[in-house]
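Welcome to a short tour of a protein model. Keep the 3D view open while you read, and find each piece as it comes up.

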Amino acid sequence: MTAETIAYLGSPGTYSYQAAIGMFPDAEHVGLRTFGEIMETVEAGAHKTAVIPIENSTSGRIPDVHRLMLSTEMAIVQEHMQRIEHCLIQAHSGPQPVSEPGSITRILSHRQGFLQSSGFIEAHCRDAEQVETVDTATAVKQVAELGDPHVAAIGSSVAAQVFGGVVIERDIADQKNNYTRFLALEKPALNPDYAGANITTLIFQIDHQPGALIEALAVFRDAGINITTLETYTISEETALPTFYIDIGGGLEDEAVQAALRALEEKARYVKLLGSYVASDVRNANSGFLPVKSVSP
């Protein structure tokens, strides 16, 4: 395997695969089984880039990935908003649908597929057993191979094409404009190029005392910088003090961003830069992700 490959979660047909293709169409793509394996192999130099989902417009942040962000030494170099169109898929048995959703007794999918389609499941398949798989494409593959008319998968139409399933219901996610934000991470460049970057991501930790968070966030207000995302980490060995993940408008070449980060270092116990990169142009009300506002002049 060459070091120029792109590592993503799962197999062809997953949304991670579609995101990896969308971000790096001309590269070689390698599917792995866990987020941890993706990060570890890229950090070790076995692959060039990790493509991982960080949050979804319906179900929120991806907890496993947020935890990995605490320890990674890699840098975010790109973001991508992937349209998620969950389908109810069964084994192929001719031109007609295999069965009505109400007759399904078991559904296979990744946990995010269940979370993002909970309304449809409650309305049409509430008594069906839910079986989690490592990714949505694996669910579709297993259902196609099983051939049971009372078993279905939640996954993409691309996975149905890849593994020979039939789509019996399209676009079943609770939120029709359902997007997942993917990040591309690589080992930090010796001389990173931040030209054109208009979003910066970092993690910071503060003292557990009244007003500490307000004082830390005030550095962005004072610099005229908009905050796009603010997430808190639960307490753990790595985060014994209040710890936050934040996206801000502006790139590291902006003097206002540089000044704000210097001020933050004086207020915070710890500041970790995760990356400064070009924001996706799909950030809008339809995708569920706030657009990045430019740094105030």
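## A covered strand

Strand β11 (residues 179-186) is mostly covered, with eight of its eight residues buried. Buried means under 20% relative accessible area, exposed means over 50%, and partly exposed lies in between (1.4 Å probe, protein chains only). Helices (H or I, at least four residues) and strands (E, at least two) are DSSP runs, numbered from the N terminus. This is a predicted model, in which local features need pLDDT of at least 70, side-chain atom pairs count only at pLDDT 80 or more, and totals for chains, interfaces and linings use all residues. Residues are numbered from 1 along each chain as its sequence is written, and side-chain values use heavy atoms, with hydrogens and water left out.

Which residues of β11 are buried on each face? On one side they are Tyr-179, Arg-181, Leu-183 and Leu-185, and on the other Thr-180, Phe-182, Ala-184 and Glu-186. Now look at the partners of this strand. Strand β3 (residues 49-56) pairs with β11 in the antiparallel sense over six bridges, and Pro-53 has Phe-182 as its bridge partner in β11. β5 also pairs with β11 in the antiparallel sense, over eight bridges; here Gln-78 stands opposite Ala-184. Two strands count as paired if DSSP finds at least two bridges between them. In general, strands of a sheet pair through backbone hydrogen bonds, either parallel or antiparallel.

## Another covered strand

Strand β14 (residues 243-249) is mostly covered too: seven of its seven residues are buried. Thr-243, Tyr-245, Asp-247 and Gly-249 lie on one side, while Phe-244, Ile-246 and Ile-248 lie on the other.

β14 runs antiparallel to strand β12 (residues 199-205), joined by seven bridges. Strand β13 (residues 227-232) is antiparallel to β14 as well, with five bridges between them. Which residue of β14 is the bridge partner of Thr-200? That partner is Ile-248, and Ile-248 is also the bridge partner of Ile-227.

## An open sheet and its helix

Next, find the five strands that form an open sheet in the order β8-β7-β9-β6-β10, with mixed pairing. At the edges are β8 (129-132) and β10 (165-169), each of which pairs on one side only. From one strand to the next, the twist averages 35°.

Inside this sheet, strand β7 (residues 106-109) and strand β9 (residues 151-155) pair in the parallel sense over three bridges. Ile-107 has Ala-152 as its bridge partner in β9. Helix α6 (residues 136-146) lies across β6 (87-91), β7, β9 and β10, and runs at about 155° to β9. Axes are lines fitted to C-alpha atoms, for helices over the stretch in contact, and angles run from 0 to 180 degrees between N-to-C directions.

Is His-66 buried or exposed? This residue sits in helix α3 (residues 63-71), and His-66 counts as buried because its relative accessibility is 3%. Leaving aside neighbours within four places in sequence, His-66 is in contact (heavy atoms within 4.5 Å) with Ile-54, Arg-61, Glu-231, Tyr-233 and Tyr-245. The buried residues of α3 are Val-65, His-66, Met-69 and Leu-70. They cover an arc of only 160° around the axis, which puts them on the same side of α3. That arc is the one of the directions from the helix axis to the C-beta atoms.

Met-74 is in the loop between α3 and β5 (75-83), and is buried, with a relative accessible area of 3%. Beyond its neighbours within four places in sequence, Met-74 has contacts that include Met-39, Leu-185 and Leu-274.

## Two helices side by side

The axes of helix α8 (residues 212-222) and helix α9 (residues 255-267) come within 9 Å and cross at roughly 170°. α8 and α9 are therefore roughly antiparallel to each other. Angles under 35 degrees count as roughly parallel, over 145 as roughly antiparallel, 65 to 115 as roughly perpendicular and the rest as oblique.

From α8, the contact is made by Glu-215, Ala-216, Val-219 and Phe-220, and from α9 by Ala-260, Leu-261, Ala-263, Leu-264 and Lys-267.

## A residue to look up

Finally, visit Asp-171 in the loop between β10 and β11. Asp-171 has a positive phi of about 50° although it is not a glycine. Most residues other than glycine have a negative phi, and most peptide bonds are trans.
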